[in-house]
Amino acid sequence: MTLREGHARDLHADMAACMRTHPWVTQARAAGHPAPHRGLAIWLNDRGVAHLLQHGRADLLATFEAHCAANEPWAGSEPRAWRLFDHDFPVPGGAALDEEIARPPPREPWLLGEHATPAGHLFELKLPLDLALFDDHFRTAPVVPGVMQVAWALAFGARRYGPMACGTMDAVKFRRLVRPGDRLHLEVAHDAGRGLLDFTVRIGGALCSSARLHVVPIEGADHAR
Amino acid sequence: MRADGVLRIEIPVEVPFFDVDSMDVVWHGHYVKYLELARCTLLERIGHDYRQMKASGYLWPIVDLQLRYVRAARFGQRLIVRADLVEWRNRLKVHYRVLDAQTCERITLASTVQVAVAASSGELQLESPPVFVQAVERALAAARGNEGTPA
């Protein structure tokens, strides 16, 4: 190990220790050594999540950078990745933590569970705090775009009914915002004979969105039920 | 209020004679050309211009255009056209300001939205193609590196 490598590792460990003193943070961990990707994993408490929802990721990270700079003036000199979690994501240890920090921001919700319903199939989903799409929609108020709720209905519907393409959609309703950290119930119901995929997205029973998609199966595509 | 973007470019435009109408001001439709010039420069900065879009198998038609005219521009006036990248993961949204180059007075505010469409099938893409998102991420990383700010 060179002196510089050791110094860089200590910087991140010290930054994690510094972040654990922030009032919005319940836990902060740095990638171990020799992790190829420098970064910090931060677990937010309810106040931290509230700030993220109201002001966006960039503002939250600027606050954290300022906190580090105020407490450790040398700590802000090196670019790093920030991963954000809440209490639903347990703190991994060792190599698993390094892998999580090195991983690009997730592009899809986490699948917590699924089961059949009288109408179709229900997926229990959790939205990661640092879902990639929150980068730009919107930078100061993260909200899942309606089009992504349609995309997730098609993607998760494909797990159950096979890949399908959507031509048109009817009765599209967006009633409630879907935001970082939300737990969703996505229910899909496929009527193969009529070429329809109905979906609803709910949070705690409250309807967030619903639509009827006119779909056709994608020929030749494999899927596992 | 049109938000600032994560990437910004500015280009100079000098109003040509053939853009001016009989009222001696720039005809309202010509501002769209100025937006196009700025957008092309922004895409070059991203590293994914229209030629690369076409080569990647996706077309990016404009599906929404909004313009607000604040002041009239006149023949020979030197303008700055500023383009800000606002959204890129599900659609390409760009905000524009057309300013007087000397006074920075606002002339026109605008926004455009483009969506990716598969060239082969005409199918609308609900998410932007990875080739485009990755180009934006590279451009953002380069911009952060130039500014010396953390990732």
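The paragraphs below take chain A first and then chain B. The model is a predicted one.

Chain A contains five helices and nine strands. Along the sequence these elements follow the pattern α-β-β-α-α-β-α-β-β-α-β-β-β-β. Of its 225 residues, 47% count as buried. Among contacts in chain A with a separation of 6 or more, 63% come from residues 24 or more positions apart.

One part of chain A is an open sheet of three strands in the order 1-2-3, with mixed pairing. Its edge strands are strand 1 (25-30) and strand 3 (81-85) of chain A, each of which pairs on one side only. On average, and with direction ignored, neighbouring strands of this sheet are turned by 20° against each other. Strand 1 of chain A runs antiparallel to strand 2 (residues 39-44) of chain A, and five bridges join the two. One of the residue pairs here is Val25(A) with its bridge partner Leu44(A) in strand 2 of chain A. Helix 4 (residues 94-102) of chain A packs on this sheet and touches strand 1, strand 2 and strand 3 of chain A. The direction of helix 4 of chain A makes about 95° with that of strand 2 of chain A.

Helix 3 of chain A covers residues 57-71, 15 residues in total. From its first C-alpha to its last, helix 3 of chain A reaches 21 Å, close to the 21 Å expected at 1.5 Å a residue. Which residues of helix 3 of chain A are buried? They are Leu60(A), Leu61(A), Phe64(A), Glu65(A), His67(A) and Cys68(A). These residues lie on the same side of helix 3 of chain A, because they cover an arc of only 160° around the axis.

Strand 4 (residues 110-116) and strand 5 (residues 121-126) of chain A run antiparallel and are joined by six bridges. The two form a hairpin with four residues between them. Within this pairing, Glu114(A) has Phe123(A) in strand 5 of chain A as its bridge partner.

Strand 8 of chain A takes part in two antiparallel pairings. With strand 7 (residues 183-191) of chain A, strand 8 of chain A pairs over seven bridges, and Asp191(A) stands opposite Leu196(A). The hairpin of strand 7 and strand 8 of chain A has four residues between the strands, and in this hairpin Gly195(A) takes a positive phi near 65°. With strand 9 (residues 206-217) of chain A, strand 8 of chain A pairs over eight bridges, and Asp198(A) has Arg212(A) as its bridge partner. In the hairpin of strand 8 and strand 9 of chain A, two residues lie between the strands, and Gly204(A) takes a positive phi near 55°. Six of the eight residues of strand 8 (residues 196-203) of chain A are buried, so this strand is largely enclosed by the rest of the structure.

Chain B is next. Five of its strands form an open, antiparallel sheet in the order 1-4-5-6-3. Strand 1 and strand 3 (62-69) of chain B stand at the edges with a single partner strand each, so one side of each is left without a neighbour in the sheet. Neighbouring strands of this sheet are turned by 15° against each other on average, direction ignored. Eight bridges join strand 1 of chain B to strand 4 of chain B, and Val13(B) stands opposite Leu79(B) in strand 4 of chain B. Helix 1 of chain B lies across strand 1, strand 3, strand 4, strand 5 (92-100) and strand 6 (106-114) of chain B, and runs at about 135° to strand 1 of chain B.

Two residues of chain B can be looked at individually. Gly29(B) is found in the loop between strand 1 (7-14) and helix 1 (31-46) of chain B. Gly29(B) is partly exposed, with a relative accessible area of 23%. Its C-alpha atom is separated by 9.0 Å from that of Asp19(B), ten residues apart along the chain.

Glu87(B) belongs to strand 4 (residues 78-87) of chain B. Is Glu87(B) buried or exposed? Glu87(B) is buried, with a relative accessible area of 3%. The side chain of Glu87(B) makes a polar contact of 2.9 Å with the side chain of Arg91(B). Not counting residues up to four places away in sequence, Glu87(B) touches Leu92(B) and Lys93(B) as well as Asp136(A), His137(A) and Phe138(A).

Note on methods
Residues numbered from 1 in each chain as written. Chains lettered and ligands numbered in written order. Predicted model: local features only at pLDDT ≥ 70, side-chain atom pairs only at ≥ 80, totals over all residues. Heavy atoms only, no water. Expected span 1.5 Å × (residues − 1). Buried < 20%, exposed > 50% of the residue type's maximum accessible area, 1.4 Å probe, protein only. Arc of directions from axis to C-beta. Pairing = 2+ DSSP bridges. Axes fitted to C-alpha atoms, helices over the stretch in contact; angles between N-to-C directions. Contact = heavy atoms within 4.5 Å. Polar contact = N/O pair within 3.5 Å; in protein donor to acceptor, adjacent residues only side chain to side chain.
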